[in-house]
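Dear colleague,

Here is the structure you will be working with. My notes on it follow below the display.

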Amino acid sequence: LHRMRWIVRILITIAAILIAIPFAMDEAWPWMATALLLGVVWIVVPAHSYGWSSSLCLLGLTLLAGAAVLRTEQIAWVLPGVLAALAAWDLTALMERLDTTEAIRERTAYLRDHLLQLTAVLMAAWMLGLLALQITMPVSFLWTLGRVLLLVVGLSVVTRAARRTERDPL
């Protein structure tokens, strides 16, 4: 788990820097500083003592990424930044779950399965993001925010259903 904590810190650093770059290119220094500050807060505030801190920092970086795309149209920097933030958030939650798992065999199998699943999700998100670069459609920020909220709610329902099925297969 010690190595994983370092991986999470590196992912958070990459995410904050990649999301801050478009603001720096646009000379929007307060926005850039906010993105970097969120990364620092995420690294400094331990997620195990404040369970909401990683979720709040992920939300903040994601909203800043959306603002960066709307303001600068620099999605090439923002997409990998958001994916790195998502991976860091997921691995933070995984570390908290692994802390409660006692059997080493169960831990190793669970870790392997989760990392394979995370890799598949990140690859799919990367492909969809690249596909989205090819499609242009004029939309407002509120329209996009509404769609993202629907997507998050839908994913949480699917995740809960999958966990319920995992616990009780029949």
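Of the 170 residues in the protein, 28% are buried. Please keep in mind that this is a predicted model. The exposed surface comes to about 11500 Å², and 70% of it is supplied by carbon and sulfur atoms.

The protein contains six helices and zero strands, so read from the N terminus the order of elements is α-α-α-α-α-α. Among contacts with a separation of 6 or more, 70% are between residues 24 or more positions apart.

The core

The largest nonpolar core has 30 residues, and the members that touch the most others are Phe23, Trp42, Leu61 and Leu91. At least two residues of this core come from each of H1 (2-25), H2 (29-44), H3 (52-72) and H4 (75-100). The most is given by H4, with nine residues. Once neighbours within four places in sequence are left aside, Leu91 is in contact with Met4, Ile7, Val8, Leu11, Leu115 and Leu118.

Helix H1

The 24 residues of H1 should span 34 Å at 1.5 Å a residue, and the end C-alpha atoms are 35 Å apart, which agrees. The buried residues of H1 are Met4, Val8, Leu11, Ile12, Ala15, Ala16, Leu18, Ile19, Ala20, Pro22 and Phe23. Three of these, Met4, Val8 and Leu11, are also among the contacts of Leu91, and Phe23 is one of the core residues that touch the most other members.

Glu27 lies in the loop between H1 and H2. Its phi is positive, at about 60°, although Glu27 is not a glycine. With a relative accessible area of 58%, Glu27 counts as exposed, because the cut-off for that is over 50%.

Helix H2

H2 has 16 residues, and the distance from its first C-alpha to its last is 22 Å, close to the 22 Å expected at 1.5 Å a residue. Met32, Ala35, Leu38, Gly39 and Trp42 are the buried residues of H2. They lie on the same side of H2, because they cover an arc of only 125° around the axis. The face turned away from that buried side carries Pro30, Leu37 and Val44, which are exposed. Trp42, on the buried side, is one of the residues that touch the most other members of the core.

Regards

Technical notes:
Residues numbered from 1 in each chain as written. Predicted model: local features only at pLDDT ≥ 70, side-chain atom pairs only at ≥ 80, totals over all residues. Heavy atoms only, no water. Core = buried A, V, L, I, M, F, W, Y, C linked by side-chain atoms within 4.5 Å. Buried < 20%, exposed > 50% of the residue type's maximum accessible area, 1.4 Å probe, protein only. Helix = DSSP H or I, 4+ residues; strand = E, 2+ residues; numbered from the N terminus. Contact = heavy atoms within 4.5 Å. Expected span 1.5 Å × (residues − 1). Arc of directions from axis to C-beta. Areas by Shrake-Rupley, 256 points an atom, 1.4 Å probe, with all protein chains shown as cover.
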